[in-house]
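Open the model in your viewer and keep the selection tool ready. This tour goes stop by stop.

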Amino acid sequence: MDIKRTKNYLFWLYCQFELITCSYLMEPWEKLLFYTFNVTVLVTVLYTAYTFVPAHLSTAFHFFLHLFGNQHENTVSIVK
């Protein structure tokens with residue numbers, strides 16, 4: 001892929017982002033505050049997803065296995 005074309009595409013995406021968020025109307029200090037807040041929220045969401053989603057998926061998987069009749073491996077059946 002051509003470097004110049006990629007650079008132009010990324011610049012186009014940035015311009016679209018500025019148009020959607022109306023950040024092109026902001027002063028530089030407002031842009032800095034706005035982007036800092038957005039990046040902080042994004043990093044927090046990604047960290048939370050990385051930390052907690054696997055545990056929740058594992059719990060849900062075990063719940064549905066138990067719900068559909070599969071027993072845990074450490075369960076001992078008593079036969080009389």
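Before you start, note that this is a predicted model.

**Stop 1: helix H1**

Select residues 3–21, which form helix H1. Its 19 residues should span 27 Å at 1.5 Å a residue. Check the ends: the end C-alpha atoms are 27 Å apart, in agreement with that value. While you are here, click Cys-15. It counts as partly exposed, because its relative accessibility is 27%.

**Stop 2: Glu-18**

Stay in helix H1 and pick Glu-18. Is Glu-18 buried or exposed? Glu-18 is buried, because its relative accessible area is 10%, and buried means under 20%. Now show its side chain. Another, of 2.8 Å, joins the side chains of Glu-18 and Lys-31. Leaving out residues up to four places away in sequence, Glu-18 touches Ser-23, Tyr-24, Lys-31 and Tyr-35. Keep these residues displayed for the stops ahead.

**Stop 3: Cys-22**

Step off the end of H1. Just after this helix comes Cys-22, with a positive phi of about 60°. Cys-22 has its positive phi although it is not a glycine. This cysteine is found in the loop between H1 and H2. Cys-22 is partly exposed, with a relative accessible area of 38%. How many disulfides does the model hold? The count comes to zero.

**Stop 4: Ser-23**

Move on to Ser-23, in the loop between helix H1 (3–21) and helix H2 (28–67). Ser-23 is buried, because its relative accessible area is 0%. Which side chain does the side chain of Ser-23 meet in a polar contact? The partner is Tyr-35, at 3.1 Å. Now list the neighbours, not counting residues up to four places away in sequence. Ser-23 touches Glu-18, Lys-31, Phe-34 and Tyr-35. Glu-18 is the residue from Stop 2, and there too Lys-31 and Tyr-35 were among the residues touched.

**Stop 5: helix H2**

Select residues 28–67 to highlight H2. This helix has 40 residues. From its first C-alpha to its last, H2 reaches 56 Å, close to the 58 Å expected at 1.5 Å a residue. Where does H2 bend? Centre on Phe-52: the helix bends there by about 35°. A proline, Pro-54, follows within four residues.

**Stop 6: residues 32–53**

In the model, the span is 100% helix and 0% strand. Its end C-alpha atoms lie 31 Å apart.

**Stop 7: Gly-69**

Finish just after H2. Select Gly-69, which takes a positive phi of about 100°.

Note on methods. Residues numbered from 1 in each chain as written. Predicted model: local features only at pLDDT ≥ 70, side-chain atom pairs only at ≥ 80, totals over all residues. Heavy atoms only, no water. Helix = DSSP H or I, 4+ residues; strand = E, 2+ residues; numbered from the N terminus. Buried < 20%, exposed > 50% of the residue type's maximum accessible area, 1.4 Å probe, protein only. Polar contact = N/O pair within 3.5 Å; in protein donor to acceptor, adjacent residues only side chain to side chain. Contact = heavy atoms within 4.5 Å. Expected span 1.5 Å × (residues − 1). Bend = angle between axes of the 7 residues up to and from the residue. Disulfide = S-S within 2.5 Å.
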